[in-house]
Amino acid sequence: MNSSSSDAELGQALRTRAAACGCAPEHFLTLAQATAEWQPRAIMPTFGPFPHPILEETITRDHLNDWPEWSARLVFPGCKIEQLNWPDGTVTTRLVNPRGLVLAATIDRPDYAHL
């Protein structure tokens, strides 16, 4: 779709993609917005700003031996736990599989209320 697309074409594209995902267009947009807001801090951007790594630890069989038995179904040796500090003070903690896919992430934004 190019920038000269009409509102009708954009609306049809939205409805088509929402239907393909099995949801209403309004919910599809909400999901798209939430993904766009979450993604820059959970998944490494292709251009800056870049975070400074605080922690990077590779999960081994020893880790899993200390964790509950069910956790081995979700996390396996070779996964990494990473903690990243972004220039604005945001800290991301994420679980990444050996192929580099983010399996889970938490994003802690700085508290500017005290400033």
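Is Arg 94 buried or exposed? Arg 94 counts as buried, at 10% relative accessibility. Here buried means under 20% relative accessible area, exposed means over 50%, and partly exposed lies in between, with a 1.4 Å probe and protein chains only.

This is a predicted model, in which local features need pLDDT of at least 70 and side-chain atom pairs count only at pLDDT 80 or more, while totals for chains, interfaces and linings use all residues. Residues are numbered from 1 along each chain as its sequence is written, and side-chain values use heavy atoms, with hydrogens and water left out.

## Salt bridges

A search of the whole structure turns up 2 salt bridges. The term means a side-chain nitrogen of Lys or Arg within 4 Å of a carboxyl oxygen of Asp or Glu.

| Salt bridge | N to O distance |
|---|---|
| Glu 56 and Lys 80 | 3.2 Å |
| Arg 94 and Glu 82 | 2.7 Å |

Take Arg 94 and Glu 82. Arg 94 sits in strand S3 and Glu 82 in strand S2, so this pair ties together parts that are 12 residues apart in sequence. Strands are DSSP runs of E with at least two residues, helices are runs of H or I with at least four, and both are numbered from the N terminus. Glu 82 is buried, with a relative accessible area of 10%.

Now the pair Glu 56 and Lys 80, which meet through their side chains. Glu 56 belongs to strand S1 and Lys 80 to strand S2, so the pair ties together parts that are 24 residues apart in sequence. Glu 56 is exposed, with a relative accessible area of 51%. Lys 80 is partly exposed, at 29%.

Leu 55 lies in strand S1. Its relative accessibility is 35%, so Leu 55 counts as partly exposed. Leaving out residues up to four places away in sequence, Leu 55 touches Ile 81, Glu 82 and Gln 83. Contact means heavy atoms within 4.5 Å. Thr 16 is 39 residues from Leu 55 along the chain, and their C-alpha atoms are separated by 42 Å.

Pro 53 is also in strand S1. At 48% relative accessibility, Pro 53 counts as partly exposed. Pro 53 touches Gln 83 and Leu 84, again not counting residues up to four places away in sequence. Between Pro 53 and Gln 12 there are 41 residues in sequence and 43 Å in space, C-alpha to C-alpha.

Strand S4 covers residues 102-108 and holds Ala 104. Ala 104 is partly exposed at 39% relative accessibility. Residues up to four places away aside, Ala 104 touches Thr 93, Arg 94 and Leu 95.

## Core and surface

Which residues make up the largest nonpolar core? Ile 59, Leu 64, Val 75, Cys 79 and Leu 95 do, 5 residues in total. Such a core is a set of buried Ala, Val, Leu, Ile, Met, Phe, Trp, Tyr and Cys residues joined through side-chain atoms within 4.5 Å. In soluble globular proteins, nonpolar side chains tend to be buried together.

Leu 64 is in contact with Ile 59, Ser 71, Ala 72, Val 75, Phe 76 and Pro 77, leaving aside neighbours within four places in sequence. Of these, Ser 71 lies in the loop between helix H3 (61-66) and S2. Ser 71 is buried, with a relative accessible area of 6%.

Phe 47 sits in the loop between helix H2 (25-42) and strand S1 (52-58). Phe 47 is exposed, at 61% relative accessible area.

## A buried threonine

Thr 90 is in the loop between strand S2 (80-85) and strand S3 (91-96). Thr 90 is buried, with a relative accessible area of 1%. Beyond residues up to four places away, Thr 90 touches Arg 41, Leu 84, Asn 85, Ile 107, Asp 108, Arg 109 and Pro 110.
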